[in-house]
Amino acid sequence: MNDDFRSRVIMPIVLPIAVLATIAAFVGTVALTLLYNTNGGALALAAAAAGGILFTVSLATSQDRLELPQRGVVIFAASLPILVGAGFAAGIIGDIDDDARMANVQPLITIPEDAPVIAAENSVEYCFFEDGECGDVVDVWEVVPSAESDLVSFRFENLDPTGTQHNVAILELEGSVDDPQPGGSLGIASSLIPGGESDGYQDESITWDELPEEWYFVCSLHATMNGVGRVVEES
């Protein structure tokens, strides 16, 4: 393979690929370093990296030509925050608790396909979601937990044609099924969403079995939308 073929054919292909691979590896390293760090560590690393970049840019633009020692300073200033952050993330520097180390990594919530479904089509009552539309009014929501997960999870469909926001919140039940009243919060509430949209909710800290035998569900914005819920086995 002669030098002419290498310079005309090989280098125009290999060099860009090598540059792209280097950039991808650098970006991936930075992303992992930020994610697998504490919140404070990630913030400090981002600030230090920004400072290093500003310093290297100002140094490079203030000189017509960088001598070898100056090049070393530029490389050192640009790479030091990444190296320090990587050291913290890997546990080489400092002592980060494993739980805190993952604080920036948010797992994706996956709602089981067979999770219970409830819907709304107005600001007065909930309804069962059947064949893409509201069915019977929900006064008692008998929840059949998903076979895939016993965590509290459900799907909420807001079919309100006016676009009004609704959600589903689960509270303790005061009173009776005939005269339900809201009790204390159980910390379970889906997001408020406008009409025509759907929302999936899953709580990573509580299962259906850990709920009271009967509980109160209500829209956070419309107290008239309420009922009593209970967990039942699939018949």
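User: Which residue stands opposite Val-143 in E10?
Analyst: In this predicted model, Val-143 stands opposite Val-231 of E10.

User: And how do E4 and E10 pair, parallel or antiparallel?
Analyst: They pair in the parallel sense, over four bridges. E10 covers residues 226-231, and E4 covers 140-143.

User: Who's the bridge partner of Trp-141, then?
Analyst: Gly-229, in E10.

User: OK, what about E9 and E10, parallel or antiparallel?
Analyst: Those two run antiparallel, with four bridges joining them. E9 is made of residues 215-218. Within E9's stretch, Val-218 stands opposite Asn-226 in E10.

User: What holds paired strands together in general?
Analyst: Backbone hydrogen bonds, with the strands either parallel or antiparallel.

User: In what order do the strands of that sheet come?
Analyst: E4-E10-E9-E6-E7. The sheet is open, has five strands, and its pairing is mixed.

User: Which strands stand at the edges?
Analyst: E4 (140-143) and E7 (180-189). Each has a single partner strand, so one side of each is left without a neighbour in the sheet.

User: How many degrees are neighbouring strands turned against each other?
Analyst: On average 40°, ignoring direction.

User: Let's look at E7. Where is Pro-182?
Analyst: Pro-182 has its place in strand E7. Pro-182 is partly exposed, and its relative accessible area is 41%.

User: What does Pro-182 touch, leaving aside residues up to four places away in sequence?
Analyst: Leu-171, Glu-172, Glu-174 and Tyr-216.

User: How many residues separate Pro-182 from Leu-171 along the chain?
Analyst: They are 11 residues apart along the chain, and their C-alpha atoms are separated by 6.4 Å.

User: Switching topic: which strands make up the open sheet that has E3 in it?
Analyst: The order there is E3-E2-E1-E5-E8, so you're looking at five strands with mixed pairing. E3 (133-137) and E8 (197-207) stand at the edges. Each of those two has a single partner strand, so one of its sides has no neighbour in the sheet. The twist from one strand to the next averages 40°.

User: How do E1 and E2 run, parallel or antiparallel?
Analyst: Antiparallel, with two bridges joining them. E1 takes in residues 117-120 and E2 takes in 126-130.

User: What is Cys-127 joined to by a disulfide?
Analyst: To Cys-134, with the sulfurs 1.7 Å apart. The structure holds one disulfide.

User: What about Cys-219, buried or exposed?
Analyst: Cys-219 is buried, with a relative accessible area of 2%.

User: Now the rings. How many aromatic pairs are there?
Analyst: The count comes to seven aromatic pairs. Take Tyr-126 and Phe-217: their ring centres are 5.4 Å apart and their planes meet at 50°, so the pair is tilted.

User: Which strands do those two residues lie in?
Analyst: Tyr-126 lies in E2 and Phe-217 in E9, so their pair ties together parts 91 residues apart in sequence. Tyr-126 is buried, and Phe-217 is too.

User: Which residues do ring pairs link into a cluster?
Analyst: Tyr-126, Trp-141, Phe-154, Phe-156, Tyr-201, Trp-208, Trp-215 and Phe-217.

User: Zooming out, how many helices and strands does the chain have?
Analyst: Four helices and 10 strands. Along the sequence, the pattern is α-α-α-α-β-β-β-β-β-β-β-β-β-β.

User: What share of the residues is buried?
Analyst: Of the chain's 235 residues, 30% count as buried.

User: One more. Among contacts between residues at least 6 apart in sequence, what share joins residues at least 24 apart?
Analyst: That share is 64%.

Notes: Residues numbered from 1 in each chain as written. Predicted model: local features only at pLDDT ≥ 70, side-chain atom pairs only at ≥ 80, totals over all residues. Heavy atoms only, no water. Buried < 20%, exposed > 50% of the residue type's maximum accessible area, 1.4 Å probe, protein only. Contact = heavy atoms within 4.5 Å. Axes fitted to C-alpha atoms, helices over the stretch in contact; angles between N-to-C directions. Disulfide = S-S within 2.5 Å. Phe/Tyr/Trp six-rings, centres within 6.5 Å; stacked < 30°, edge-to-face > 60°.
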